[in-house]
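Please read the sequence and look through the structure below. The report that follows takes its parts in turn.

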Amino acid sequence: VHGDSKYQYIMEGKKPKISYTDLAVQETSNEALTSKSYAASIGYFDDPFIKMMSKSKPKKMYPIINRGTWVRVHSYRRVLEPFIAAEGFKQVISLGAGMDSTFFYLRNKYPTAKFRYIEVDFPEIVTKKVGVMEKNPALAKLKEDPTCYSIISCDLRELERLNEEFVKLKVDKTAPTLIMTECVLVYMDPKSSKDLVQWCGTYFENSALLNYEMINPSDSFGKVMVSNIEERGCKLLGIYEYGTFEQQKGRVLPAFSKVEITTLLEYYTKYADKAEKARVEKIEFFDEYEEWNMLLSHYCLVLATKGTVAITF
């Protein structure tokens, strides 16, 4: 574990100061874990490690949530897996990783691939995740090589500290690097999220940024979506500043040179594998097509690249 850890506060007899908003944002990692665990348990996608991250039995979710979770996972794997499987050394940086099990899935599926996987999240999340990994032999074995897996305890708004941690870990600035922000930037204030994205694009010479988050907050569906999320205490601080495709492009340029943006609905209809989509559509009875189309049109995928990294949807 690198960076500030809750263990440090315990040893010093102190309690970390956490705002109510930050606590609510941290809770979203548990929500993502719950939805992914259940979707995996009934066959939407393969991930034998996601259940190891949770202490409880997967909670049943609605079919529309399960399908949405599949699209989310499928879209990231479509970009991530070819990147990992390619020849040569590469890096993956997961910002706001939460309780995600992607590293373990990749290390198990691509045992000979040469890659380094680095996760960053709040101290409280890192402490919880490290505790889970240390208690599970299967997880502990896969992460035991520090040159392959590292987890950093750091607030993403503190770029000076994040830079220091990367320097300590000797993170390669020139190696092909995929940076992932999965429903993270939208919870940050606009300036902090743009500063983070620009810093990433400046730090890594050959890199790609894959971002997934909510958009279109101003139409009727968007207003209800924002209201429902914020009622749980999770302020979508960046959704109005970056709620359109053009605004999303403005956040990643000029640090990255090329940008592709699609809604999750367009991804599902245009990019998702047809055979896999047909398999998924048979798992559960589903008739919420109008709401499905509206929901997916209010989430976007942003893929920005620079240097020698030339990946696409």
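## A loop with a cis peptide bond

Pro-254 is placed in the loop between α10 (245-252) and β7 (258-263). The peptide bond that leads from Leu-253 to Pro-254 is cis, and its omega is near 5°. The model described here is a predicted one.

## Two residues with positive phi

Lys-170 is not a glycine, yet it has a positive phi of about 55°. It lies in the loop between α7 (159-168) and β5. Its relative accessibility is 70%, so Lys-170 counts as exposed.

Asn-216 is not a glycine either, and its phi is positive, at about 55°. This residue is found in the loop between β6 and α9 (220-230).

## The chain as a whole

The protein chain contains 13 helices and eight strands. Along the principal axes, its C-alpha atoms fill a box of roughly 50 × 45 × 45 Å. A compact globule of 313 residues would have a radius of gyration near 20 Å; the protein chain has 19 Å, so the value agrees with that of a compact globule.

Of the 313 residues in the protein chain, 56% are buried. Gln-26 belongs to helix α2 (residues 20-41). Gln-26 and Leu-95 are 69 residues apart along the chain, and their C-alpha atoms are separated by 13 Å.

How many residues of β5 are buried? Six of the six are buried, so β5 is largely enclosed by the rest of the structure. From this strand, Thr-177, Ile-179 and Thr-181 point one way, while Leu-178, Met-180 and Glu-182 point the other way; all are buried.

β5 is joined to strand β2 (residues 90-95) by five bridges, and the two run parallel. In this pairing, Leu-95 has Thr-181 of β5 as its bridge partner. β5 is also joined to strand β6 (residues 207-214), by six bridges, and these two strands run parallel as well. Here Thr-181 stands opposite Asn-211 in β6. Together with helix α8 (residues 190-203), β5 and β6 make a β-α-β unit that is right-handed.

Strand β8 (residues 299-306) is mostly covered, with eight of its eight residues buried. Tyr-299, Leu-301, Leu-303 and Thr-305 are on one side, and Cys-300, Val-302, Ala-304 and Lys-306 are on the other. Both faces of β8 are covered, as the residues on each are all buried.

In which direction do β6 and β8 run, parallel or antiparallel? They run antiparallel, joined by eight bridges. Within this pairing, Leu-209 stands opposite Ala-304 in β8. β7 is joined to β8 by six bridges, and these strands too are antiparallel. Thr-263 has Cys-300 of β8 as its bridge partner.

## An enclosed space

Rolling a probe the size of a water molecule over the atoms shows where empty space is left. In this model, the count of cavities of 30 Å³ or more comes to one. The largest cavity holds about 160 Å³ of space. It is lined by 15 residues, and the closest to its centre are Lys-36, Val-73, Arg-77, Asp-100 and Thr-102.

Which elements give two or more residues to the lining of the largest cavity? They are α3 (63-85), α4 (102-109) and β5 (177-182). α3 gives the most, with five residues. Sorted by class, the lining has seven nonpolar, two polar and six charged residues.

Terms used
Residues numbered from 1 in each chain as written. Predicted model: local features only at pLDDT ≥ 70, side-chain atom pairs only at ≥ 80, totals over all residues. Heavy atoms only, no water. 1 Å grid on protein atoms, 1.4 Å probe; cavity = no way out; pocket = protein on both sides within 12 Å on 5 of 7 lines; lining within 4 Å. Points joined across faces, edges and corners; volume = space filled by probe spheres on them. Helix = DSSP H or I, 4+ residues; strand = E, 2+ residues; numbered from the N terminus. Nonpolar A, V, L, I, M, F, W, Y, C, P; charged D, E, K, R; others polar. Buried < 20%, exposed > 50% of the residue type's maximum accessible area, 1.4 Å probe, protein only. Pairing = 2+ DSSP bridges. Right-handed = clockwise from strand over helix to strand, strands pointing away. Rg over C-alpha atoms; globule rule 2.2 N^0.38 Å.
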